[in-house]
Amino acid sequence: ASFPDTQEDRSYDFGFSASPLAVLLAGFDATAQTDHVLVAWETVSEVSNAGFNLYRSLAADGERTLLTTVPSAAPGSTQGAAYSFQDADVLAGQTYWYWLEDVDLSGA
């Protein structure tokens, strides 16, 4: 059988990457204090990392509010660092949910 010559060499990008993760976390904790919540995290490495966005919500699936942006202490490094943020805008007895987002050196 003969097929019309319509096939071309094509390249597809499905978004998979063989590069290492930008940030490897050693830990991420939120601890209630007397008048604030102490949010602390530690990284093992920060390849291509410019910093972090820290978010908070009143529910696990609730709307996230950006609390702060923290620049990387080891931007683009295979070294890690320790970070913390004191969330003073909290009420006693309220449960809070926190998310940490890494910001790539490209801004993504």
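Start with the largest pocket, which holds about 230 Å³ of space. A pocket here is an open set of points on a 1 Å grid over the protein atoms alone, where a 1.4 Å probe fits, with protein on both sides within 12 Å along at least five of seven lines. The volume is the space filled by probe spheres set on the points, which are joined across faces, edges and corners.

This is a predicted model, where local features need pLDDT of at least 70 and side-chain atom pairs pLDDT 80 or more, while totals for chains, interfaces and linings use all residues. Residues are numbered from 1 along each chain as its sequence is written, and side-chain values use heavy atoms, with hydrogens and water left out.

Now select Ala32, His36, Val37, Gln94 and Tyr96: of the 15 residues lining the pocket, these are the closest to its centre. A lining residue has an atom within 4 Å of a point. Strand S1 (residues 24-32) gives the most to this lining, with 3 residues; strands are DSSP runs of E, at least two residues long, numbered from the N terminus. Colour the lining by class and you get 8 nonpolar, 6 polar and 1 charged residues. Ala, Val, Leu, Ile, Met, Phe, Trp, Tyr, Cys and Pro count as nonpolar, Asp, Glu, Lys and Arg as charged, and the others, Gly among them, as polar.

Next stop: aspartate 87, in strand S5 (residues 82-87). Is aspartate 87 buried or exposed? Aspartate 87 is buried, at a relative accessible area of 3% (buried means under 20%, with a 1.4 Å probe and protein chains only). Show tyrosine 98 too: the two side chains make a polar contact at 2.7 Å (a pair of N or O atoms within 3.5 Å, one able to donate a hydrogen and the other to accept it).

Last, the rings. The whole structure has 4 aromatic pairs, meaning rings of Phe, Tyr and Trp (its six-membered ring) with centres within 6.5 Å. Select tryptophan 41 and phenylalanine 52: with centres 5.7 Å apart and planes at 70°, the pair is edge-to-face, the word for planes over 60 degrees apart. This pair joins strand S2 (residues 37-45) to strand S3 (residues 49-57). Phenylalanine 52 is buried at 1% relative accessibility, and tyrosine 83 is buried at 8%.

Conventions: Helices (H or I, at least four residues) and strands (E, at least two) are DSSP runs, numbered from the N terminus. Buried means under 20% relative accessible area, exposed over 50%, partly exposed in between (1.4 Å probe, protein chains only). Rings of Phe, Tyr and Trp (its six-membered ring) pair if their centres lie within 6.5 Å; planes under 30 degrees apart count as stacked, over 60 as edge-to-face and the rest as tilted.
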